[in-house]
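Okay, everyone, thanks for coming.

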Amino acid sequence: MHPALSVIFFTVLSGAGYGLFMLVAVLHLTGSYPDASSGELQTQLAVALVLITIGLLSSSLHLHNPRNAWRAFMRVRASWLSREAVLAVAFYPFALWYAWEVRATGGDVGQAGMIMGVIAVLLAGLTVFSTGMIYASLKTIRQWHTALTPANYLLLGLALGGLALVAIHGWFVGDDPLLGGIAIALLVLAAIMKGIYFLWIREVTGPTINTATGFTRAPVRILDPGHTAGTFLTREFGFDPGRRVIQRARLGVFALGFALPILLLAWVLSGAPAHWLTLALVSALAGIGLERWLFFAEARHAVMLYHGRQHT
């Protein structure tokens, strides 16, 4: 699949924003958030909402005709894309109410604010899950058609959110063992889940030209490709960067997205200056951005079987 930069920006930034919002709200509502300086909670929530908004706006750049974006809300019963759109919009009033109460009360929200915060957390999680299910529901792409896809989207979003939480807290107060431990745990879990995903797509085979045509008693081969020149299908579904690029990209995902941020977090928790947490966040964003590029680059659509590719 051809990786679209707008979709990469959308899924990475909005996932980080939703992850940050969920972690801040859960820690705050359960009374587990460390002693925060003045304005820290408001800043955390504001950054989360900005990341979410930038991500959602960047998704519209992928549309051929943005004026028809409203149609994404019309098929909630059948489409995960519609569910994602509805949940993303429904999230805002609850999140803004909760954020306003945090600002107005200095963090000591009332019962209504707590209810709004809980609903916003649930909607945030469901939105990220729906984003993953958009891809997991596609049976024609075996690399996506698995429960590992939404699980990775959720864990990667929470891992980025955990790093953003620690980085912002570091600028206001300094390092904190609880927040640092949460961020490291989420990064480790996300790395394990991504490793499982890489192993799964390597071991599980997809359809072949035999199974696609229904002729299974003898080998089938394409005598002529479907087109003699490039088409939309070959451009969008025939992207192949090569095995060497894929291997290097996987190494970059684990090095930038997981290993370096974990090492920097551990270094800061052992006494290094807290501003190194910003580098950890930047590294993770780059690594997860590369992971999202790889998510598309490794995907093989079954339609390419009719254009000479023997396996998907």
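Let's begin with S14, which sits in helix α1; helices here are DSSP runs of H or I with at least four residues, strands are runs of E with at least two, and both are numbered from the N terminus. Before going on, a word on what we're looking at: this is a predicted model, so local features need pLDDT of at least 70 and side-chain atom pairs count only at pLDDT 80 or more, while totals for chains, interfaces and linings use all residues. Residues are numbered from 1 along each chain as its sequence is written, and side-chain values use heavy atoms, with hydrogens and water left out.

So, is S14 buried or exposed? It counts as buried, because its relative accessibility is 4%. The cut-offs are under 20% relative accessible area for buried, over 50% for exposed, and partly exposed in between, using a 1.4 Å probe and protein chains only. The S14 side chain reaches the backbone oxygen of F10 at 2.5 Å. That's a polar contact, meaning a pair of N or O atoms within 3.5 Å; within protein, one must be able to donate a hydrogen and the other to accept it, and residues adjacent in sequence count only if both atoms are side-chain atoms. And what does S14 touch once we leave aside neighbours within four places in sequence? That would be F9, L51, I52 and G55, where contact means heavy atoms within 4.5 Å.

That takes us over to α2. Helices α1 and α2 pack at an angle of about 155°, with their axes 7 Å apart. Axes are lines fitted to C-alpha atoms, for helices over the stretch in contact, and angles run from 0 to 180 degrees between N-to-C directions. The two are therefore roughly antiparallel to each other; angles over 145 degrees get that label, under 35 is roughly parallel, 65 to 115 roughly perpendicular, and the rest oblique. Residues on the α1 side of the contact include F9, F10, S14 and H28, and the α2 side includes L51, I52 and G55. As for handedness, α1 passes α2 in a left-handed crossing, that is, the near helix is turned anticlockwise from the far one by less than a right angle; clockwise would be right-handed.

Now α2 itself, residues 40-59. Its 20 residues should span 28 Å at 1.5 Å a residue, and the end C-alpha atoms are 29 Å apart, which agrees. The expected span is 1.5 Å times one less than the number of residues. Among the buried residues of α2 are L41, L45, I52 and G55. The helices that the buried residues of α2 pack against are α1 (5-29), α3 (80-105) and α5 (148-172).

D108 is in the loop between α3 and α4 (111-136), and it counts as exposed because its relative accessibility is 63%.

On to α5, where we find T149. T149 counts as buried, because its relative accessibility is 1%. Not counting residues up to four places away in sequence, T149 touches G132, Y135, A136, Q143, W144, Y197 and F295.

Which way do α5 and α10 run relative to each other? They are roughly antiparallel, with an angle of about 165° and axes 9 Å apart. T149 and Y153 are among the α5 residues in that contact, and F295 is one of those from α10. Here too the crossing is left-handed.

α10 (residues 276-297) also packs with α9 (residues 243-269), at an angle of about 155° and with axes 8 Å apart. So that pair is roughly antiparallel as well, and α9 passes α10 in a left-handed crossing.

Last stop, α6. It has 27 residues and reaches 39 Å from its first C-alpha to its last, close to the 39 Å expected at 1.5 Å a residue. D176 caps its N-terminal end, with a side-chain oxygen 3.0 Å from the backbone nitrogen of L178. Buried residues of α6 include A190, A191 and Y197, and what covers the buried residues includes α1, α5, α9 and α10.

Let's finish on A191, in helix α6 (residues 177-203). A191 is buried, because its relative accessible area is 17%. Leaving aside neighbours within four places in sequence, A191 is in contact with F254 and F258. The C-alpha atoms of A191 and R103, 88 residues apart along the chain, are separated by 35 Å.
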